[in-house]
Amino acid sequence: MNLIIFGPPGAGKGTQSNFIAKSYNLFQLSTGEILRDQIKKKTDLGIKISPVINSGSFVSDEIVSELIEKIIKEKKYYNRIIFDGYPRSLAQAKNLDNLLKKYNQKVNLVFKLSVSLETIKKRISERLTLEKRADDSEEIAIKRYKTYEKSTEPVIDYYKKLDLLKVIDGEGPIDQINKEISDIIRSI
Ligand code: AMP
């Protein structure tokens, strides 16, 4: 079973993908984390992508595709990946289909954690109070939310048409969301 999880910053996507990975023995493939790790290790790739990531732009499709192919083709991850942060565009979604096909696999389910901008604002302002960060961070977070909504929209549509999309209400308590996701996974 290969899954994809989508969710705006502040939706609890990290918490949920961690829970799903543990419960169903899946490998959590977070492209953002892999890329940050390359920067931390100061590899050639890390040095190359560091300014791109720091400026908030996307790393090229070729680079990210190469990284995910290395994992998809590994026997130990065969048919047990949860994709977190990939695909981020329609081109990446189609590329993922092709890559999975190449290794005799497919996407089984796609989850979208749906959380309103109002809730995100509330959660972020709570976090800001706790962490005592600059006031304008809320503004940046709102911008990231809007960018997320805009860039993932065509990808979400793509999976909806393939009848793979499950929209999860991300407003409720963590346990309830866990349960809802689990019930869907068990039903396939
Ligand atoms: P994230 O931790 O998912 O927010 O990703 C952090 C950064 O890594 C992004 O702002 C991008 O620069 C880069 N990145 C992560 N995933 C992708 C992707 N699928 N395609 C291109 N760039 C990505």
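Which residues surround the ligand, and which of them are the closest? In this predicted model, 13 residues surround the ligand, and the closest are T31, S57, G85, R88 and Q92; a residue counts as near a molecule if one of its heavy atoms lies within 4 Å of it. Local features need pLDDT of at least 70 and side-chain atom pairs count only at pLDDT 80 or more, whereas totals for chains, interfaces and linings use all residues. Residues are numbered from 1 along each chain as its sequence is written, and side-chain values use heavy atoms, with hydrogens and water left out.

The shell around the ligand consists of 6 nonpolar, 5 polar and 2 charged residues. In this division Ala, Val, Leu, Ile, Met, Phe, Trp, Tyr, Cys and Pro count as nonpolar, Asp, Glu, Lys and Arg as charged, and the others, Gly among them, as polar. Helix α2 (residues 31-40) gives the most to this shell, with 4 residues; helices (H or I, at least four residues) and strands (E, at least two) are DSSP runs, numbered from the N terminus.

A nitrogen atom of the ligand is 2.9 Å from an N or O atom in the side chain of Q92. A ligand nitrogen also lies 3.0 Å from a polar backbone atom of G85, and a ligand oxygen is 3.0 Å from an N or O atom in the side chain of R36. On its own the ligand has 480 Å² of accessible area (Shrake-Rupley method, 1.4 Å probe), of which the protein covers 85%.

The space taken by the ligand is the largest pocket. A pocket is an open set of points on a 1 Å grid over the protein atoms alone, where a 1.4 Å probe fits, with protein on both sides within 12 Å along at least five of seven lines.

In the whole structure, 6 salt bridges are found, each defined as a side-chain nitrogen of Lys or Arg within 4 Å of a carboxyl oxygen of Asp or Glu. One of them joins the side chains of D84 and K13 (2.5 Å, N to O). D84 belongs to strand β3 (residues 81-84) and K13 to helix α1 (residues 13-23), so this pair ties together parts that are 71 residues apart in sequence.

Conventions: Polar contact = N/O pair within 3.5 Å; in protein donor to acceptor, adjacent residues only side chain to side chain. 1 Å grid on protein atoms, 1.4 Å probe; cavity = no way out; pocket = protein on both sides within 12 Å on 5 of 7 lines; lining within 4 Å. Sits in = over half its atoms within 2 Å of the grid points.
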